[in-house]
Amino acid sequence: MSEEAVFEYDESVIGVEEEVGTITVEAETVARYCELMGETNPLYTEQGFVPPSYLQRMRFRGGPDPKVKFGNTGFHAGSRMELLKPVKVGQTLTGWAQAKEVYAKTGRSGTMVFQVSRLTYRDENGDEVAHSDQLMVRRQVGE
Amino acid sequence: MKTVDPTTQTYFDDIDLGDEFEDEWTPDMEQVLGYLGLEGDALGEGGGPTGDGRFTDPEGARKLGFPKPIVPGAFSLSKLTKLVTDWVGTGGSVDFVDVNFRRPVLHDDALKVQGLVTDTEEGDGAGTVKLDIYLENERGERPLQGTAVVQLPRR
């Protein structure tokens with residue numbers, strides 16, 4: 001039987017969605033991104049569509065932070081991007097961030113505390129164009 | 001194993017369970033700096049995001065227990081996503097990409113960027129395809145592994 005993990009976080013921010021900025025997708029930045037990625041898909045190099053992975057390069061402000069207190073190190077453990085509508089160069093997207101959940105799991109290598117955050121991208125009409133869920137893990141390494 | 005060309009359309013009617021496709025990628029310092037520089041521009045400020053040198057400084061990476069600087073997870077994820085968008089071509093679309101980061105990708109790792117068809121479902125005008133996707137290094141490890149669901153056009 002494993003002991004219940006002891007960790008702290010701010011529960012009041014869980015599920016609260018907050019606007020974290022507005023960014024216009026610039027043609028020049030997308031072109032440089034395509035060059036760096038070796039992109040050859042004409043959708044992105046000629047037809048003005050934005051590569052889905054580019055959305056994750058858009059840096060909005062940080063969202064609600066549950067301030068998880070556990071362990072001495074953290075890492076990025078997972079990413080899920082759901083694409084609802086194509087995005088084109090010149091569009092202005094607004095980011096809405098929320099901390100979805102915090103939970104612990106204990107296995108042979110000890111306890112890890114997981115934090116799931118969601119960023120929702122909305123277009124000029126307020127329509128959702130994508131969701132990006134990020135899974136961060138905190139754990140104790142060494143003493 | 002088939003290589004991918006985004007200008008050659010993949011059609012739902014032509015694929016089968018177990019079909020595999022791949023690309024190759026060896027991330028180096030120049031690419032990582034380019035990726036981080038792009039981020040810096042977007043932020044209006046330069047430099048890496050962590051401040052501890054894990055992505056660009058061999059000594060900083062060693063202090064964190066890595067034998068070499070590591071590649072930003074989002075960069076690796078972008079390469080894996082690109083494999084999927086290359087495979088669906090101009091006539092398909094991506095519903096989602098879901099990836100776990102299992103271990104770090106190191107600078108100069110010789111990576112295979114691979115996809116495998118695991119499920120298909122016919123639809124009107126398009127077909128839904130589920131893929132396993134992963135990066136595999138020369139040590140046989142899969143530092144990134146996940147799934148994607150895409151729509152492919154019918155002939």
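Predicted model: local features only at pLDDT ≥ 70, side-chain atom pairs only at ≥ 80, totals over all residues.
**View 1. Helix α1 of chain A and its two sides.** Helix α1 of chain A spans residues 27-37, and its buried residues are A:T29, A:V30, A:Y33, A:C34 and A:M37. Seen down the axis of α1(A), these buried residues fall within an arc of 135°, so they line one face of the helix. An α-helix has 3.6 residues a turn, so residues three or four places apart point the same way. The exposed residues A:E28 and A:E35 sit on the face of α1(A) turned away from the buried side. Just after α1(A) comes A:G38, with a positive phi of about 70°.

**View 2. B:G65 in a loop of chain B.** The loop that holds B:G65 runs between α2 (58-63) and α3 (73-88) of chain B. B:G65 counts as exposed because its relative accessibility is 60%, and exposed means over 50%. From B:G65 to B:Q145 the separation is 80 residues in sequence and 22 Å in space, C-alpha to C-alpha.

**View 3. Confidence along chain B.** Chain B has a mean pLDDT of 90, with 91% of its residues at 70 or more. Over residues 41-47 of chain B the pLDDT is below 50, and this stretch has six contacts in the model beyond near neighbours in sequence.

**View 4. The second largest pocket.** This pocket holds about 360 Å³ of space. Its lining has 20 residues, of which A:Y44, A:P52, A:P86, B:S93 and B:V94 lie nearest the centre. Two or more lining residues come from each of α2 (42-45) of chain A and α3 and β3 (93-101) of chain B. β3(B) gives the largest share, three residues. By type, the lining residues are 13 nonpolar, five polar and two charged.

Notes. Residues numbered from 1 in each chain as written. Chains lettered and ligands numbered in written order. Heavy atoms only, no water. Buried < 20%, exposed > 50% of the residue type's maximum accessible area, 1.4 Å probe, protein only. Helix = DSSP H or I, 4+ residues; strand = E, 2+ residues; numbered from the N terminus. Arc of directions from axis to C-beta. pLDDT = per-residue confidence, 0-100. Contact = heavy atoms within 4.5 Å. 1 Å grid on protein atoms, 1.4 Å probe; cavity = no way out; pocket = protein on both sides within 12 Å on 5 of 7 lines; lining within 4 Å. Points joined across faces, edges and corners; volume = space filled by probe spheres on them. Nonpolar A, V, L, I, M, F, W, Y, C, P; charged D, E, K, R; others polar.
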